[in-house]
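Here is a short tour of a protein model, meant to be read with the structure open beside you.

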Amino acid sequence: MQYPEPIARLMASFQKLPGIGSKTAARLAFFTLEMAESDVLDFANALVDVKRELVNCSVCGMITEHDPCEICSDDTRDNTQIMVVEESRDIMAMERMQAYNGKYHVLHGVLSPMEGTGPEDLNITALLTRLQDETITEVIIATNATAEGEATATYLSRLITPAGIKVTRIAYGLSVGSDIEYTDEVTLHRALEGRREM
């Protein structure tokens with residue numbers, strides 16, 4: 001027996017989201033069917049609003065309601081540092097920590113030859129333009145500890161270092177509460193590389 005057309009379309013829409021398979025899509029579709037109509041309308045409006053009301057900051061590339069974003073507009077932040085991240089959500093994570101007071105730059109992805117993503121597909125040209133500002137003394141590369149993230153970090157370092165700007169990479173290693181014996185070799189290697197004096 002086939003699903004009614006509206007349910008089938010909703011399921012197909014849910015399956016466009018990452019990590020949502022057919023069973024989860026069916027569960028979400030039937031859950032939506034049970035929701036109050038006002039909640040469904042709120043949900044639909046939130047989806048439309050996120051596409052219509054948000055833009056990428058013309059300076060750093062972060063998603064924002066106002067251009068430039070509030071971080072780029074904040075004169076109290078350290079203008080000598082730029083932290084390069086993969087996505088806007090990485091900035092949100094860093095800001096929750098409240099330990100970094102510099103500026104950011106969003107690449108909108110990483111280099112991935114397997115997926116056909118090259119340097120021209122990332123927000124790298126805008127970064128290089130920003131680095132012509134002589135007040136910038138350090139670029140902190142905060143891409144993920146994946147093969148693609150590492151390749152992107154290496155590529156950026158090779159582009160930026162000749163300009164005489166200090167390039168650093170955030171340290172990766174053991175998470176709090178983890179056991180060394182169960183940790184993979186790459187993470188242990190990173191933890192050893194990122195060691196510091198006590």
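Two strands count as paired if DSSP finds at least two bridges between them. In this predicted model, strand S3 (residues 78-85) and S4 run parallel and are joined by five bridges. One of the residues involved is Asp-78, whose bridge partner in S4 is Gly-102.

That pair belongs to an open sheet of four strands, ordered S4-S3-S5-S6 with parallel pairing. Strand S4 (102-106) and strand S6 (166-169) are at the edges with a single partner strand each, so one side of each has no neighbour in the sheet. On average, neighbouring strands are turned by 25 degrees against each other, direction ignored. Helix H6 (residues 147-160) packs on this sheet, where it touches S3, strand S5 (138-141) and S6, and its direction makes about 170 degrees with that of S6.

Now to the charged side chains: the structure holds two salt bridges.

| Salt bridge | Closest N to O |
|---|---|
| Arg-77 with Glu-95 | 2.8 Å |

Arg-77 sits in the loop between strand S2 (63-64) and S3, while Glu-95 is in helix H4 (residues 88-97), so their link spans parts 18 residues apart in sequence. Arg-77 is buried at 8% relative accessible area, whereas Glu-95 is partly exposed at 25%.

Finally, which residues make the nonpolar surface patch of about 310 Å²? They are Tyr-3, Phe-30 and Leu-33. Tyr-3 is found in the segment before helix H1 (5-14) and is partly exposed, at 42% relative accessibility.

Note on methods:
Residues numbered from 1 in each chain as written. Predicted model: local features only at pLDDT ≥ 70, side-chain atom pairs only at ≥ 80, totals over all residues. Heavy atoms only, no water. Helix = DSSP H or I, 4+ residues; strand = E, 2+ residues; numbered from the N terminus. Axes fitted to C-alpha atoms, helices over the stretch in contact; angles between N-to-C directions. Contact = heavy atoms within 4.5 Å. Patch = residues over 30% accessible without salt bridge, like charges linked within 9 Å, V, L, I, M, F, W, Y side chains within 5 Å. Areas by Shrake-Rupley, 256 points an atom, 1.4 Å probe, with all protein chains shown as cover. Salt bridge = Lys/Arg side-chain N within 4 Å of Asp/Glu carboxyl O. Buried < 20%, exposed > 50% of the residue type's maximum accessible area, 1.4 Å probe, protein only.
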